[in-house]
Amino acid sequence: MKIAHIAPPWITIPPKNYGGTENVIYNIVEEQVAQGHDVTLFAPGDAHTSAKLVSFFPHSLIDAGVPWQAHLKAFYHIYKSIEYIKEHHFDIVHSHLSSSADMYTFPLMQQLSTPHVSTLHSRFPFDRVQEWTGDADMYFFEWMRQVPMIAISENSRAEVNLPLNFAGVVHHGLPMQQFKPTVRRPENFLVWLGRFVPEKGAHHAITLAKSAGLPLILAGTIDQHVQTSIDYYDEIIKPQLNGHDIKYIGPVNTREKIDLLSRARVFLNPIEWEEPFGMVMIEAMSVGCPVISFARGAAPEVVAHGKSGYLVDNLQEMRRAIDQIDQLDRAMVREHVEENFSARVMVEKYVRIYQHIRTAQVMKSASIKRPVVDTLVARVPHQSKATSPLLPAVEPMATPNYSLSFLPQQSREIDPEMLQ
């Protein structure tokens, strides 16, 4: 299939350190290319991909210092991507709804005849800036309700009490050839990895480590564009760091993350929100590191309780689960991801949904065209060969049914190298 992916332009693909949605897009695209699909990725010029890359500016917005609230360049990226798609043939367009600027995709896609599907990576509302929340989401439903949506978990779909058209659920997946344990035996420390925001629960991980008398390594990002993230780290986390038992090692790239999780005894996931998926959980389990998570959000779909980790309801249960973690077989923990959360499994599910959407659109188009043709034929008066000499009978002329791809198109590809 010829597949177009419109990626959010904020974080590099693949991300240099933290970037859940961007990691997912990278994994989808690379696996689709590996499975023989013709894939085009619309992303800033600093993306690295095996697919064809189409870019309209050289650097991802966060790396370029653009704050999340500044949407103009993001709008330009989406507009130009759709303009390019209109001038070229694709079987399916796959967009990714992760932050508020991605909402522009839906009205801009309305005039596009190519089938379109969108993955819901985050939670509503999208009309929000830090602590402020608006009501613009409801206005965008005019366009969103027509687009087949893909949820990343059953929990994520159930959380949406809105008139959306869900086409299915596809869990995230990992390239298992890349995510392999780096050590035979883990070390005796706990690990937490993610964004430093209260709902990710790093402060709970610190409390648990102190209670268990075990070292804790924190890794991840402090979002300098979000004041809540800065305040949370400075006021709650930083005062508890001592550089020995509780230490923060900064952001980690993929290679460093794989090694850190391989060496950790257990990954703690004491989340305080209904997380739509939780990519780091499958990253940990893929290298054999078991997960202990609060049973919130998608965690019950991701963690096999008693096999790949433990699901708990409070800190007391999480503390007891730490003592039981060595009862789990790390090879079985990895096997759970291979069977359920590999990139191969993920892409096969996506492609089945693509095919279903294309078939449905063809059938819908055919059902619309037939009544129109019948109506036009019915309106043409019957003309016999004995017509007036002034209006002689005319034999109907057969006209070829040209597809849009044969019509004159004005296209212009932008070379990322020219933008450097």
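Leaving aside its neighbours within four places in sequence, with which residues is Ser81 in contact? Ser81 is in contact with Ile6, Phe42 and Phe56, where contact means heavy atoms within 4.5 Å. Ser81 is found in helix 2, residues 72–86, and the C-alpha atoms of Ser81 and Phe56, which stand 25 residues apart along the chain, are separated by 8.3 Å. Ser81 is buried, with a relative accessible area of 0%; buried means under 20% relative accessible area, exposed over 50%, and partly exposed in between, with a 1.4 Å probe and protein chains only.

This is a predicted model, in which local features need pLDDT of at least 70 and side-chain atom pairs count only at pLDDT 80 or more, while totals for chains, interfaces and linings use all residues. Residues are numbered from 1 along each chain as its sequence is written, and side-chain values use heavy atoms, with hydrogens and water left out.

**The chain as a whole**

The protein chain has 13 helices and 15 strands, taken as DSSP runs numbered from the N terminus, with H or I over at least four residues for helices and E over at least two for strands. Of its 420 residues, 50% are buried. Among contacts between residues at least 6 apart in sequence, 68% join residues at least 24 apart.

Helix 9 (residues 279–286) packs with helix 12 at an angle of about 125°, their axes being 7 Å apart; the axes are lines fitted to C-alpha atoms over the stretch in contact, and angles run from 0 to 180 degrees between N-to-C directions. The two helices, helix 9 and helix 12, are therefore oblique to each other, since angles under 35 degrees count as roughly parallel, over 145 as roughly antiparallel, 65 to 115 as roughly perpendicular and the rest as oblique. On the side of helix 9, Ile282, Met285 and Ser286 meet Val333, Arg334, His336 and Val337 in helix 12.

Arg334 itself has its place in helix 12, residues 330–340, and is buried, with a relative accessible area of 14%. Its side chain reaches the backbone oxygen of Met176 at 3.3 Å. Leaving aside neighbours within four places in sequence, the residues in contact with Arg334 include Met176, Phe179, Met285 and Gly288.

**Residues in loops**

Ser308 lies in the loop between helix 10 (299–302) and strand 15 (309–312). Leaving aside neighbours within four places in sequence, Ser308 is in contact with several residues, among them Met285, Val333 and His336.

Arg145 lies in the loop between helix 4 (137–144) and strand 8 (148–151).

| Residue | Relative accessible area | Class |
|---|---|---|
| Ser308 | 0% | buried |
| Gln130 | 37% | partly exposed |
| Arg145 | 42% | partly exposed |

**Backbone features**

Most residues other than glycine have a negative phi, and most peptide bonds are trans. Gln130, in the loop between strand 6 and strand 7 (132–133), has a positive phi near 50°. The peptide bond from Ile13 to Pro14 is cis, with omega near -10°, and Pro14 is found in the loop between strand 1 (2–6) and helix 1 (20–34). A cis peptide bond also joins Phe124 and Pro125, with omega about 0°.

Definitions and conventions: A polar contact is a pair of N or O atoms within 3.5 Å; within protein, one must be able to donate a hydrogen and the other to accept it, and residues adjacent in sequence count only if both atoms are side-chain atoms.
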